[in-house]
Amino acid sequence: MRSHRSRSTTANGSKVNPKIISNAEDYIYANLKKIITRETLAIVTGCSARTLSRHFLLKHGVGPMDFIRQRRAIQAYFDLLHSDPYETTVTEIAYRYGFDHLGKFPSYFSRIFGATPQKILLS
């Protein structure tokens, strides 16, 4: 008999395995500054990349790669907020979290936080 505690049910009745999500999130948070692939997350969680994506969509409303991008943007926001603008650049922080297309970083960042990275750095 399966334990009802091993899975939680979403609003639409789909099952989410909290261990898969927890293992993936732990790995993501520990490696935000490193390259993370969906395949690596699948290995870490012991499930297929497709199953992993399905669980992330059910739990977070986005796939694992978008979840990673969001978490990196959040960490970049905090780094910008707590950095000395005379010693740190937006470019440095963007690269730190894997945002290597500097033309897209400010628009993505602004869409999430309602302000440019430069404005956050200078605040």
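Predicted model: local features only at pLDDT ≥ 70, side-chain atom pairs only at ≥ 80, totals over all residues.
**Whole chain**

Start with the cartoon view of the whole protein. The protein has 7 helices and 2 strands. Read from the N terminus, the order of the elements is β-β-α-α-α-α-α-α-α. Of the 123 residues in the protein, 37% are buried. Now consider contacts between residues with a separation of 6 or more: 53% of them in the protein join residues 24 or more positions apart.

**Helices α1 and α3**

Select residues 18–30, which form helix α1, and residues 49–60, which form helix α3. At what angle do α1 and α3 pack? The angle is about 90°, and the axes lie 10 Å apart. An angle of 65 to 115 degrees counts as roughly perpendicular, so α1 and α3 are roughly perpendicular to each other.

Next, show the side chains where these helices meet. On the α1 side, select Ile 20, Ile 21, Ala 24, Glu 25 and Ile 28. On the α3 side, select Thr 51, Leu 52, His 55, Phe 56, Lys 59 and His 60. Sorted by class, this contact of α1 with α3 has 6 nonpolar, 3 polar and 2 charged residues.

**Helix α4: Ala 76**

Move to helix α4, residues 64–81, and select Ala 76, which is found in this helix. Is Ala 76 buried or exposed? Ala 76 has a relative accessible area of 0%, and under 20% counts as buried, so Ala 76 is buried. Leaving aside neighbours within four places in sequence, show what Ala 76 is in contact with: Ile 93, Tyr 97, Phe 105 and Phe 109. Ala 76 and Phe 109 are 33 residues apart in sequence, while their C-alpha atoms are 9.0 Å apart in space.

**Helix α4: Arg 72**

Stay in helix α4 and select Arg 72. Arg 72 is buried, yet has no salt bridge. Which side chain of opposite charge is nearest to Arg 72? That side chain is Asp 100, at 8.4 Å. A salt bridge needs a nitrogen and an oxygen within 4 Å. Beyond neighbours within four places in sequence, the residues in contact with Arg 72 are Asn 31, Leu 32, Lys 34, Ile 35, Ile 36, Tyr 97 and Phe 99.

**Salt bridges**

How many salt bridges does the count come to? The count is 3.

Select Asp 66 and Arg 69 for one of them; their closest N and O atoms are 2.5 Å apart. Both residues lie in helix α4, 3 residues apart, which is about one turn of the helix. Asp 66 is partly exposed, at 33% relative accessible area, and Arg 69 is also partly exposed, at 35%.

Then select Asp 79 and Arg 96, whose side chains meet in a salt bridge with an N to O distance of 2.9 Å. This pair links distant parts of the chain, with Asp 79 in helix α4 and Arg 96 in helix α5 (residues 90–96), 17 residues apart. Asp 79 is buried at 16% relative accessibility, whereas Arg 96 is partly exposed at 25%.

Glu 92 and Arg 96 are 4 residues apart in helix α5, so about one helical turn separates them. Glu 92 is partly exposed, with a relative accessible area of 36%. With Asp 79, Glu 92 and Arg 96 shown together, a network of salt bridges linking these residues is in view.

Conventions: Residues numbered from 1 in each chain as written. Heavy atoms only, no water. Axes fitted to C-alpha atoms, helices over the stretch in contact; angles between N-to-C directions. Parallel < 35°, antiparallel > 145°, perpendicular 65-115°, else oblique. Contact = heavy atoms within 4.5 Å. Nonpolar A, V, L, I, M, F, W, Y, C, P; charged D, E, K, R; others polar. Buried < 20%, exposed > 50% of the residue type's maximum accessible area, 1.4 Å probe, protein only. Lys, Arg positive; Asp, Glu negative; His and termini not counted.
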